[in-house]
Amino acid sequence: MQHVLQIKENTSIQSTPLLHTHTSSLFLCLPLFSAKVGKTSLIMSLVSEEFPEVVPYRAEEITIPADVTPERVPTHIVDYSEAEQTDEQLFQEISKANVICIVYAVNNKKSIEKVTSHWIPLITDNTDKDNRVPLILVGNKSDLVEHSSMETILPIMNQYSDIETCVECSAKNLKNISELFYYAQKAVLHPTGPLYCPERKDMKPLCVKALTRIFKVSDLDNDGILNDNQLNFFQRTCFNAPLAPQALEDVKNVVRKNVSDGVRDNGLTLNGFLFLHTLFIQRGRHETTWTVLRRFGYDDDLELHQDYLFPQLKVPPDATTELNHDAYLFLQGVFDKHDKDRDCALSPEELKDLFDVFPYMPWGADVSNTVCTNDKGWITYQGYLSQWTLTTYLDVQRCLEYLGYLGYSIVAEQESQAAGITVTRDKKIDLQKRQTQRSVFRCNVFGDVCSGKSGFLQAFLGRNLMSQKNIREEHRSFYAISTTYVYGQEKYLLLHEVFPDNDYMSDADLACDIVCLLYDVSNPYSFEYCAKVFKQYFMDSKTPCMMIAAKSDLPEVKQQYGCTPLEFCRKHKMPPPQSFTCNTAAAAPSRDIYTKLTTVAMYPHARLRCMCTCNRCTFCLCQNLLNSELLQTVRTKLYAAVLSRSSPSLSLSLSLTHSLVLAALPVFRHVSQADLKSSTFWLRASVGAAMFAVLGIAMYRVLLKPR
């Protein structure tokens, strides 16, 4: 049903309010100071649609079904009679009421005086000060007088802000009877109190704050105005119907006449937007403003509803949460509209403007040491998306809240923020299927005090030892996140520095995709901590581990442990210790080690042995293939079949052939792009291919000989 608000002569704004779902019933309590004002007749006239000849002292409680009311809510009408009920019963009805109608007779001056001298004080004394019940003054018996009582009532309405409106009606000729109960419903579902201050004749601060956020969310290009496209998107979002071009122009003309800066560049400014809603409320169309507020997630107290901020999202155990493609597109749009200088970084002013729609600043000073920044310390585009990825992974409920403040469900036209979250499958399924669809991998970094864990995290963000000296201790972060590339695929690696406490490790310390055990090569007692952590928590775990020899630029000393780090790694089938340093003068530290960590986390079943700098060379691929569990199983079964059919000499020949092939594999080690163009490389590749051909012919002959 379309409603039209007349603003000026020959000017109208069309809107289609959404039906508001009210979870509780609506109670209309009609108290009365004495008989003969017609309050019971009003109820009976509404129900029977005719004036009753015989009127009892009090009508029984009446329930009007939701499907016959404009707002689709059930309405309970409760009558009160001094002759049949006590004050205690009256107080109970007042405490249950959502709205109270005070009936007076327009032809009885004393009944009007009684409204202020008795009924309003009585209701005020029996209701909570912070939760006032809206009041409606009902002037009955208007058919008996030719004049209106509004001149007497208006000063009363101005004196008491709890009074929503005044309706003059007649139970006898059914004048304004249905309108009375419509305004009663409207007073509950679309109250004026939270929106407007009659004394100041202006909107209240909370309402202005809410509408300001709505304006900024709707201003998709952040230029301070709502152009025609944005206004139509707003209208369609709130009222399911766009504005006609002429109606849109009429609206802007009304704003131009009343607000000097209400229209700029043929678009609606924030002041013009606020003026329109003030005009709606002053003209009695506050349900239009409430429709907008509720569409953008606000409750009756003008606070964002918890169901809006925290939609239901089930995350099973061993599953993680990531942003999906649509959510990243939305966040990219938010970044672009606030990066006004187009430098692919957010200055402090731009970041403050971005979070202006939040009730608080969500990111602290430590965020600059968690993600990538530019030379000025400003968060880059890469760092911005990384921080959102980190929040989604660690605290998805907080991420849903943040997306709610930014209006994700509105702008992206989704049911809720939960539509922007991907819940990954159980990690055990990934291991079984030997493939994963995850984009974020967590690496927990263990190491003794002063072993270089913080430097390892900051080096991932491109900061060498000199840059790290400028980090203040209170701004230190125990997380670092950025992107890496594994075989051409962009992935996020999340590093988490774990405190060195051998006695207790929480589930969060142990739950990860890969473990990084970091020791200081210049400290003879540093490796012992890593060995103890591995043996106590990860020796029997399926989580892959990697040993990092940090501070490799310093002289290496012998570790005071039962075996060397290399022997320890071989014994426990780990890759050899990887050298690392962040003391790289002016250059940024190498990122090769982080690519290796991500690769191992992504393919934990592969048990990567080769740790060359590129991790993509031919040797890597061959070694991974030979060490894969599938090939090991096939080789074992093949040897068993051959040994059962052939002589011992043939078995020895196969073993020698296999050893020869393994000896030839180092030919492919350390292959770079430049090597691919050299003749020497192709000569070595030919030798390797020949070795494989020899092996193939030998196997062919072995299999055919028994036949």
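Biologist: How many salt bridges does the count come to here?

Modeller: The count comes to 19 salt bridges, where a salt bridge is a side-chain nitrogen of Lys or Arg within 4 Å of a carboxyl oxygen of Asp or Glu. This is a predicted model, in which local features need pLDDT of at least 70 and side-chain atom pairs count only at pLDDT 80 or more, while totals for chains, interfaces and linings use all residues. Side-chain values use heavy atoms, leaving out hydrogens and water, and residues are numbered from 1 along each chain as its sequence is written.

Biologist: What is the general idea behind such pairs?

Modeller: Side chains of opposite charge can pair when their charged atoms come close. Take Lys-252 and Asp-228: their closest N and O atoms are 2.8 Å apart. Lys-252 sits in helix H8 (residues 245-258) and Asp-228 in helix H7 (residues 228-239), so this pair ties together parts 24 residues apart in sequence. Helices (H or I, at least four residues) and strands (E, at least two) are DSSP runs, numbered from the N terminus.

Biologist: Is Lys-252 buried or exposed?

Modeller: Lys-252 counts as buried, because its relative accessibility is 1%. Asp-228, at 30%, counts as partly exposed. Buried means under 20% relative accessible area, exposed over 50%, and partly exposed in between (1.4 Å probe, protein chains only).

Biologist: Which residue forms a salt bridge with Glu-497?

Modeller: That's Arg-476, with the closest N and O atoms 2.7 Å apart. Glu-497 belongs to strand E20 (residues 489-497), and Arg-476 to the loop between helix H19 (465-468) and strand E19 (479-486), so the pair links parts 21 residues apart in sequence. Glu-497 is buried at 5%, whereas Arg-476 is partly exposed at 27%. Elsewhere, salt bridges that share partners join Arg-425, Lys-427, Asp-430, Arg-438 and Asp-513 into one network.

Biologist: Now cavities. How do I read those?

Modeller: Rolling a probe the size of a water molecule over the atoms shows where empty space is left. On a 1 Å grid over the protein atoms alone, a cavity is a set of points where a 1.4 Å probe fits but cannot get out; lining residues have an atom within 4 Å of a point. This structure holds four cavities of 30 Å³ or more, a volume being the space filled by probe spheres set on the points, with grid points joined across faces, edges and corners.

Biologist: Which residues are closest to the centre of the second largest cavity?

Modeller: Of its 13 lining residues, those are Asp-430, Thr-436, Ala-601, Met-602 and Pro-604. Helix H17 (427-433) and helix H23 (592-602) each supply at least two lining residues, and H17 gives the largest share, three residues.

Technical notes:
1 Å grid on protein atoms, 1.4 Å probe; cavity = no way out; pocket = protein on both sides within 12 Å on 5 of 7 lines; lining within 4 Å.
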